[in-house]
Amino acid sequence: MSIILDRVAVRVAVDGRPAPKILLDELSLELVERRIGVIGANGSGKSTLLRLLNGLVAPSSGNVTVAGYDTVRSVRDVRRRVGFVFTDPLSQLVMPTGREDVELSLRRSVRNPRERRALAESALARFGLLALADQSIYELSGGERQLLALAAVLAVDPAVLVLDEPSTLLDLRNRELLRRTIAGLSQQVILSTHDLELARDMDRVLVLDAGKVVFDGAPDDAVAQYRALCTAGLELPAGEQK
Amino acid sequence: MTQTGNVVPEKVTTAKKRRASWNATDLGLIAVFAALVAGSALIAAVPVGGLGVPITVQTLAVMLTGLALGPGRAFSAVGLYVLLGLAGLPIFSGGRSGLGILAGPSAGYIIGFPLAAAAVGWLAAVVLRRTAGRSGKIRAVLLFAAAMVSSIIFVHALGILGMMVNAKLSLPAAFLADLAYYPGDVIKNVLAVTIALSLHRAFPDLLLRRVRTAPAGPASAHP
Amino acid sequence: MSGHGFLLANYVPGGSPVHRSPLWLKFLLVLACGMASFLIADWAVSACVLVLLCGVFLLSGAGAARLVRAVRPVLPVLAAIGLFQWWQLGGPTAARIVLNVLVCVVAASILTATTPVQELLDGVASLARPFRRFGADPERFALTIAIMLRSIPFVAGAYADVRNSARARGLERNPRALVLPVFITSVAFARQTGEALAARGLGDAEDQGS
C-alpha cells in the first residue's frame with residue numbers, strides 16, 4: 001500500500017511564545033516498502049510522523065494520503081487500513097480482559113456476536129494468548145500485554161501496521177519475541193524505535209532530527225548516520241567522564 | 001508528557017459537527033474520572049493536619065471532577081459512578097453498593113454528587129474564562145466560592161432532604177446532623193481548588209481552549 | 001485490588017430460583033420495596049416484609065453470613081436514627097422507619113447477590129437504548145462503562161504509588177502531595193486511552209467522519 005506525505009508540516013502553538021514550535025518541517029515522502037523504520041532522538045518528531053499516518057495528528061499544512069484516502073477528510077477509511085500499536089500496551093488495551101478487548105476491535109466490522117467470538121479466539125490463538133484470554137490485563141506480563149495489543153489490532157486485518165517504539169518497555173527476551181513476530185507479519189510495517197537491532201531488520205530506515213529527515217536509505221547506513229549524529233557535540237565535562 | 005499546546009488548526013473540516021458530540025478523548029476522560037471518584041471513595045482516608053483527623057477524599061474527587069472537566073463531562077463522569085454504584089458495584093465509600101443506598105440516610109448526598117459536579121464545573125468554566133490573565137489569588141478565591149455554593153446547594157441541601165425523607169428527621173434535626181460535614185467540606189474544597197489550579201497548569205487545554213485538530217482530540221506531541 | 005476481581009464482591013454463584021429469575025423481575029422487587037417503604041404505616045407489616053425478604057435471600061443459598069455483611073454497614077447509623085426517633089416520635093414509628101430502610105437494603109442485596117456483575121452492567125447499558133432517538137449511543141455508553149472498570153485498578157495503583165513516594169519524601173501528611181499526582185497521571189492516562197480508542201476507530205460518534 002502506498003502512503004504519501006506531500007509537503008507535510010506540523011506546528012504547535014505554545015503558551016507564551018509568539019512563533020509556533022515546529023514538530024515536522026515540510027516533509028515529502030512516499031512509503032511503499034514492506035518494512036520501514038524511523039529512528040531519531042527523543043523529540044525528533046518520530047511519534048508525530050507515525051501519528052500522521054493514522055490521522056491521530058492532522059498536518060498543519062500539506063496532506064497525508066493512505067491508499068488514496070486523505071487522513072483528515074476520510075479518517076475512518078484510513079483507520080480501517082492502518083492499525084496503530086502504542087509504546088505502552090496498558091494505555092492501548094481498553095477492556096478489562098484480552099478477549100473483550102479483541103472483540104471490541106471487531107465490533108465495527110463483525111456484527112454477529114458468535115462470529116465475532118470465533119474470530120477473536122483465532123486472533124488470540126495466533127499469538128498463543130488463548131489461555132490468558134479471560135485474565136485481567138493487569139495480571140499479564142509486559143510482553144504478554146504487548147502481544148495482546150498487537151493481536152487486538154491485527155484482528156481486524158489492517159493493511160498497514162504502525163508501531164510506536166513497540167519494544168521500549170520490553171526485556172531482552174520479549175524484544176526478541178516481538179522482533180520475530182513482526183518479521184512474520186504479512187502487513188506493511190512502519191515503526192519507530194530506539195532498538196537498533198530492530199531497525200536493522202527493516203528494508204528502509206529514516207533518520208529524523210529536529211523535525212527533518214536527515215537520512216533515508218539502507219538500515220546499516222542509517223544506523224551509522226544516527227550514531228554520528230548522537231555523538232556529535234556530546235562533550236562531557238572532564239571530571240564526569242567514566 | 002509534553003502536552004505543550006495544540007497543533008495550529010489550519011484545516012478545520014468538521015469542527016462544528018464534532019463539538020456537538022464527545023470524541024474518544026472525552027470518553028476516556030469521563031470514564032477515568034468516574035474511576036477516580038470510585039478509587040477515591042475506596043482508598044483509606046487521608047490524615048489531615050497535626051491532629052490527623054481522617055477525611056475521605058470522595059467528595060474531594062467529586063468537586064475536582066467538576067473543576068477539571070466542566071459541566072457536561074463532569075456530570076457524566078460522576079453520574080456514571082453513581083449509576084454503577086447503584087447497579088451493585090461496591091464503589092461507594094466503605095465498599096457499599098446497590099439500590100439499597102437510596103433507602104438509606106445518605107441517599108441525598110449521593111444523588112447530589114453529579115449535580116454538584118455539574119454546577120461547580122459550569123461556574124469554574126465561567127471563572128477561568130473571565131479571569132484569564134488575572135492573579136492566581138483571585139481565581140482561587142472565586143473557584144472556592146463556586147465549590148462552596150455548589151456543595152451547599154446540591155450536596156448539603158439534598159443531603160438534608162434525604163435524611164428527612166428516609167430517616168423521617170425533622171428539618172432542624174436534619175440540618176444539625178448535616179452541619180457535622182461542613183468543616184471537612186471546607187477543607188476539601190480548599191484542597192480541590194488548589195489541586196484543580198495545578199491540574200489546569202499541567203494540562204492547559206483540559207477545560208478551556210478545547211480546540212481540536214484531529215478527530216483524536218488534542219494532538220499530543222510525544223517526542 | 002489486582003484485576004477487577006473486587007467487582008465480584010457481592011455475587012454468589014448459584015442455580016436457585018432467585019438466581020434464575022430475570023433481572024427485570026428482581027429490579028421490580030427492589031422498586032416495589034422502595035415504594036412500599038413510603039406506604040407501609042404499621043411497623044408489624046414492615047417486620048413481616050423484612051422476614052419474608054430475608055427468607056428469599058436465604059433461599060438463594062447466599063448464606064446468612066452474606067446477609068449480615070450486606071446489612072452491617074447501615075446498622076450504626078440506623079441505630080442512631082432509631083434511638084433518636086424513639087425519643088422524638090415513639091417506639092412504633094421509630095421501628096417502622098428503621099425496618100423500612102432494612103427492607104430496601106435486603107431487597108437490593110438480593111438483586112446483587114444473585115446477579116453476575118456483567119449482567120448488571122449489561123442491564124445498565126440497556127437503559128440507554130430507549131434514548132437512542134434522542135442521540136444516546138448504547139454502544140458508546142457500554143464502552144465507557146468498560147473503560148471505567150478497567151481504570152479502577154489503575155487509579156488504585158496510582159494512589160498506592162503516590163502514597164509510597166510521598167512517604168519516601170516525608171510528605172505523607174500532605175494531602176495535596178497525596179492526591180494531585182494521582183489526578184495528573186490519571187488525566188494523562190485518560191488521554192492516552194482516548195488516543196488509543198481513536199486509533200482503533202472506536203469511541204467517536206457514529207455519524208462523524210466521511
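User: In this predicted model, how do H6(B) and H7(B) lie to each other: parallel, antiparallel, perpendicular or oblique?

Analyst: Two packed helices are described by the angle between their axes and the distance between the axes. Here helix H6 (residues 136–166) of chain B and helix H7 (residues 171–179) of chain B have axes that come within 9 Å. The axes cross at roughly 130 degrees. Angles over 145 count as roughly antiparallel and 65 to 115 as roughly perpendicular, and therefore H6(B) and H7(B) are oblique.

User: Is the crossing of H6(B) and H7(B) left-handed or right-handed?

Analyst: Take the pair H6(B) and H7(B), with axes crossing at roughly 130 degrees. Their crossing is right-handed.

User: Which residues of H7(B) make the contact with H6(B)?

Analyst: H6(B) brings B:His156, B:Gly159, B:Ile160, B:Met163 and B:Met164. H7(B) answers with B:Leu171, B:Ala174, B:Phe175, B:Ala177 and B:Asp178.

User: How many residues of the contact of H6(B) with H7(B) are nonpolar?

Analyst: Set aside 1 charged residue and 2 polar ones. The nonpolar residues of this contact number 7.

User: Now chain A. What is its radius of gyration, and why is chain A called as compact as a globular protein of that length?

Analyst: Chain A holds 9 helices and 10 strands. For 242 residues the globule rule gives 18 Å. The value for chain A is close to that, so chain A is as compact as a globular protein of that length. Its radius of gyration is 19 Å.

User: What percentage of the residues of chain A count as buried?

Analyst: A residue is buried if 20 or more other C-beta atoms lie within 10 Å of its own. Of the 242 residues in chain A, the buried share is 48%.

Notes
Residues numbered from 1 in each chain as written. Chains lettered and ligands numbered in written order. Predicted model: local features only at pLDDT ≥ 70, side-chain atom pairs only at ≥ 80, totals over all residues. Axes fitted to C-alpha atoms, helices over the stretch in contact; angles between N-to-C directions. Helix = DSSP H or I, 4+ residues; strand = E, 2+ residues; numbered from the N terminus. Parallel < 35°, antiparallel > 145°, perpendicular 65-115°, else oblique. Left-handed = near helix turned anticlockwise from the far one by under 90°. Contact = placed C-beta atoms within 7 Å. Nonpolar A, V, L, I, M, F, W, Y, C, P; charged D, E, K, R; others polar. Rg over C-alpha atoms; globule rule 2.2 N^0.38 Å. Buried ≥ 20, exposed ≤ 12 C-beta atoms within 10 Å, placed from the backbone.
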